[in-house]
Amino acid sequence: MADATENSWFEEQKQFLMHNSDLLHNTHCRLFTHSSTSSKYIQTTVLMPGAARKTRIYVHRLSYIVHSQNFDIFKKNMHISHLCHNTFCINFEHLSYEPQAINNNRQRCKSLYPKHCQGHDPYPDCIFNAN
């Protein structure tokens, strides 16, 4: 259970993410727009509760932490996958905490023509109508 300090941190980060993103109504992707990077994934810096200095973090990971209120997502071989395959998307409903192998397997679905999900039980299916 999060204490008052952590609750305040979660709310502050949620406001940061919402203020710096736009919702694409046709896809329901929430795209983080506060960066002029040409990188595939956007990073930001945040001061985690109890930390002495800021940490660089991918914004989709920050979104997952904020919405799940769980800091324990940094386990080896675990990823936050984009179900919609849009790497700028921070919509919690488009993110899945899953093993690296499942995340990598999603690339096969993306490369199929027409694009369709082959299934990733017990994890959620890809979302192709979001692109």
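This is a predicted model: local features need pLDDT of at least 70, side-chain atom pairs count only at pLDDT 80 or more; totals for chains, interfaces and linings use all residues.
Visitor: Let's start with the helices. How do I describe two that pack together?

Guide: In general, two packed helices are described by the angle between their axes and by the distance between those axes. Here, take helix H1, residues 4-19, and helix H2, residues 59-68: they pack at about 135 degrees, and their axes are 9 Å apart. That angle makes H1 oblique to H2, since angles over 145 degrees would be needed for roughly antiparallel.

Visitor: Is the crossing of H1 and H2 left-handed or right-handed?

Guide: It's left-handed.

Visitor: Which residues of H1 and H2 meet?

Guide: On the H1 side, look for Trp 9, Phe 10, Gln 13, Lys 14, Phe 16, Leu 17 and Met 18. Their partners in H2 are Val 59, Leu 62, Ser 63, Ile 65, Val 66 and His 67. Sorted by class, this contact has 9 nonpolar, 3 polar and 1 charged residues.

Visitor: Okay, now empty space. How do I find it?

Guide: The general idea is to roll a probe the size of a water molecule over the atoms, which shows where empty space is left. In this model, the largest pocket holds about 300 Å³ of space. It's lined by 16 residues, and the closest to its centre are Tyr 41, His 79, Ile 80, His 82 and Asn 103.

Visitor: Which element gives the most to that lining?

Guide: Helix H3, with 5 residues. H2, strand E5 (78-82) and H3 (100-111) each supply at least two.

Visitor: And what classes do the lining residues of the largest pocket divide into?

Guide: You get 3 nonpolar, 9 polar and 4 charged.

Methods
Residues are numbered from 1 along each chain as its sequence is written. Side-chain values use heavy atoms; hydrogens and water are left out. Axes are lines fitted to C-alpha atoms, for helices over the stretch in contact, and angles run from 0 to 180 degrees between N-to-C directions. Helices (H or I, at least four residues) and strands (E, at least two) are DSSP runs, numbered from the N terminus. Angles under 35 degrees count as roughly parallel, over 145 as roughly antiparallel, 65 to 115 as roughly perpendicular and the rest as oblique. A crossing is left-handed if the near helix is turned anticlockwise from the far one by less than a right angle, and right-handed if clockwise. Contact means heavy atoms within 4.5 Å. Ala, Val, Leu, Ile, Met, Phe, Trp, Tyr, Cys and Pro count as nonpolar, Asp, Glu, Lys and Arg as charged, and the others, Gly among them, as polar. On a 1 Å grid over the protein atoms alone, a cavity is a set of points where a 1.4 Å probe fits but cannot get out, and a pocket is an open set with protein on both sides within 12 Å along at least five of seven lines; lining residues have an atom within 4 Å of a point. Grid points are joined across faces, edges and corners, and a volume is the space filled by probe spheres set on the points.
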